[in-house]
Amino acid sequence: MLKATNLTPEDLGDLWSIIPGRDPELRVSIPRIPVSELDLRTRIIPVCEPTLGGNEAEYVLDCVESNWISSAGKYIPDFEEAFAEICGTRYGVACANGTVALHLALTTLGIGPGDEVIVPTFTMIATVNAVTYTGATPVLVDAEPVTWNMDLNQVADKVTPRTRAVMPMHTYGHPVDMDPLMELAERRGFYVVEDAAEAHGAEYKGRRTGSLGHAGCFSFYANKIITTGEGGMVTTNDPDIARLAANLRDHAFSEERHFWHKYLGFNYRMTNMQAAVGLAQTEQIETFVAARRANAARYTAALKDIPGIVTPPEADWAKSIFWMYSILVQDEFGMTRDQLRAYLAERGIETRTFFIPMHLQPIYYQAFKGQRYPISEMLCRRGFYLPSASSLTPREIEYITETVRQAHEQAASSR
């Protein structure tokens, strides 16, 4: 029986204080200040939910009626082509989820035992797990304080002769400053695999994420800009990467004869029904991105003058999609991050904390024991995101931001 790896307060010492506890219980109560004529008192506002208002049902019904429900059918190549087009790449390889997209890309590039892959410590654990699955060694770098993405100065310092790849993650929909990284990759001879799981439609200097490295990897989980329920995609302009990734995802069947295998392949296929949903979602991506950016603008306008609230960044060279509207809670606010989350939850507003850095994860703690990454630790301590769905309404945003303001006023009055 597999045994869990655990950490205790004694293991982490002062770092234990930054580890978030359980999510607060959501309740519905009457707010002090009603918002316009909309009564939000009787519903919970989820942190994110999919928007399924296009051709999803029509395309899925077509799969069912035609009996093409498994990993063959017209919607898979159609989805791959459409998604690659919106990314600005020649190829897309659909697969089972975002994690296996990362694993598939790394394996396709030949990365394995003895190799090193540089990754941010401030990321979702799938990024580092994908490296571990290959047998390669993950090497961590801190976030930088402006965009919250990986610190490229630290990347340069950690490149060794064993470095085969760097995997930048476009954090919360804000792209990484990719040109310096690609220049470093050219000089030092490593691959760049974008973890673009949270960045569908984001742009760097006018170019879409997923087209900026040697390969890009996307997730289509239900809370992503585009969803297939579960699902993923590898994007690339390299025909050899695309060909081999497509082969490996399907047990590496040989073109010469069936049941003849030259590689260790995987069952990482996407179903035709998932691709049908994905194609319908891709048809709406510009609408979804515009909604996320409009919602972010409303949030920022309402929150920017509240003491102690830091709104999310957007560099002048970037077009963020604000996948999640992410804020930091500083001491001036008068409540801790967790106290504010509890206050919001009591009023029916769901939130999520930022990532717990990889060097503090129980499963990786021994591998990175003694390493400190202060920016990532600060983000973990102070950050969380507010409801962020593309379907969020202006009145809901008004209610949420007024509730944040009430929390600050209550904290200030009790001092």
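## Confidence of the model

pLDDT is the predictor's confidence in each residue, on a scale from 0 to 100. The structure here is a predicted model. Its mean pLDDT is 94, and 97% of the residues reach 70 or more. One stretch to read with this scale in mind is residues 30-38, where the pLDDT is below 50. Beyond near neighbours in sequence, residues 30-38 have 15 contacts in the model.

## Cavities

Rolling a probe the size of a water molecule over the atoms shows where empty space is left. In this protein, the count comes to 3 cavities of 30 Å³ or more. The largest cavity holds about 70 Å³ of space.

Which residues line the largest cavity? The lining is made up of T147, W148, T171, Y172, H174, P312, P313, S320, F322 and M324. Sorted by class, 6 of the lining residues are nonpolar and 4 are polar, while none is charged.

## Cysteines

How many disulfides does a search of the whole structure find? The search finds 0. C95 is in no disulfide, and the nearest cysteine sulfur to its own belongs to C217, 7.6 Å away. A disulfide needs the two sulfur atoms to be within 2.5 Å, and the closest cysteine sulfur to that of C217, in C95, is 7.6 Å away, so the distance is too far for a bond.

Are these two cysteines buried or exposed? C95 is buried, with a relative accessible area of 0%. C217 also counts as buried, at 1% relative accessibility. The cut-off for buried is under 20% relative accessible area.

Technical notes:
Residues are numbered from 1 along each chain as its sequence is written. This is a predicted model: local features need pLDDT of at least 70, side-chain atom pairs count only at pLDDT 80 or more; totals for chains, interfaces and linings use all residues. Side-chain values use heavy atoms; hydrogens and water are left out. On a 1 Å grid over the protein atoms alone, a cavity is a set of points where a 1.4 Å probe fits but cannot get out, and a pocket is an open set with protein on both sides within 12 Å along at least five of seven lines; lining residues have an atom within 4 Å of a point. Grid points are joined across faces, edges and corners, and a volume is the space filled by probe spheres set on the points. Ala, Val, Leu, Ile, Met, Phe, Trp, Tyr, Cys and Pro count as nonpolar, Asp, Glu, Lys and Arg as charged, and the others, Gly among them, as polar. Buried means under 20% relative accessible area, exposed over 50%, partly exposed in between (1.4 Å probe, protein chains only). Contact means heavy atoms within 4.5 Å.
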